[in-house]
Amino acid sequence: RIYDGYVGTECEDKLEKIIAPNPNNDMNFWKPEFDFVKFPETKGELQYEFTKDLFNAQRPFETNKEMWELIKPITNLLKAVAFLRVTAYMNTSTTTHQLHGYHIDNECENAMTAIYHVNGNNCQDYKCGYLEFENWGDIVFNETPFRIRQHKGRLIRFPSKMRHSGVTSINGETRCMLVFNYVTNKMPTRPKTQEQAMQEALSD
């Protein structure tokens with residue numbers, strides 16, 4: 001499922017102002033504690049990924065309460081039974097697109113992932129980066145691999161066992177996201193046909 005503009009412009013603007021680097025942002029959100037990964041060089045590129053947990057079920061007492069209140073429009077939409085982890089990500093821009101690596105978030109049948117785009121303008125040429133899915137089992141997408149462009153206010157949700165990867169921006173701007181890992185009492189089912197898979201991925 002892909003949702004655009006669901007949380008409203010006020011929430012979208014606040015999240016971008018707090019999380020995404022800009023001349024008016026003192027970056028206090030990322031201080032004092034965050035983790036970062038330096039990815040291996042690919043085609044001469046260096047890429048960095050900054051992460052910060054807003055919630056982790058293993059450390060619930062460390063929940064960022066102010067941010068949790070701000071993202072309520074998103075968490076309300078997800079209708080989760082329980083959240084496992086909510087994490088902010090910031091990826092540096094590169095001169096050529098860099099694939100972070102296909103992975104799954106969780107193998108449990110009722111585990112879901114939702115990715116909220118903090119910034120980006122839905123670049124038709126994909127310069128602002130994108131989310132890429134590998135084929136899911138015997139489901140083969142017409143557009144292989146299946147890509148969803150980075151776009152401010154966009155929310156994408158899918159079963160956590162789907163293999164996916166982020167891809168860097170090449171427009172000089174960071175790619176910022178919130179990633180929600182959670183469980184529902186509704187068991188996700190695999191689409192029976194390619195057409196059904198595409199319809200579900202693109203539907204409102």
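Keep in mind as you look that the model is predicted.

Let us begin with the second largest pocket, which has a volume of about 450 Å³. Its lining is made up of 23 residues, and those closest to the centre are Tyr-89, His-103, Asp-105, His-164 and Val-179. Two or more lining residues come from each of strand S4 (82-91), strand S5 (111-117), strand S9 (164-167) and strand S10 (175-183). The largest share belongs to S4, with five residues. Sorted by class, the lining holds eight nonpolar, 11 polar and four charged residues.

Now turn to His-97, which you will find in the loop between S4 and S5. Although 70 residues separate His-97 from Val-167 in sequence, the two are 6.2 Å apart in space, C-alpha to C-alpha. Beyond its neighbours within four places in sequence, His-97 is in contact with Tyr-126, Lys-127, Gly-129, Tyr-130, Val-167, Thr-168 and Ile-170.

Last come the cysteines. A disulfide is a covalent bond between the sulfur atoms of two cysteines. This structure holds zero disulfides. Cys-11 counts as buried because its relative accessible area, 8%, is under 20%. Cys-123 is buried too, with a relative accessible area of 11%.

Conventions
Residues numbered from 1 in each chain as written. Predicted model: local features only at pLDDT ≥ 70, side-chain atom pairs only at ≥ 80, totals over all residues. Heavy atoms only, no water. 1 Å grid on protein atoms, 1.4 Å probe; cavity = no way out; pocket = protein on both sides within 12 Å on 5 of 7 lines; lining within 4 Å. Points joined across faces, edges and corners; volume = space filled by probe spheres on them. Helix = DSSP H or I, 4+ residues; strand = E, 2+ residues; numbered from the N terminus. Nonpolar A, V, L, I, M, F, W, Y, C, P; charged D, E, K, R; others polar. Disulfide = S-S within 2.5 Å. Buried < 20%, exposed > 50% of the residue type's maximum accessible area, 1.4 Å probe, protein only. Contact = heavy atoms within 4.5 Å.
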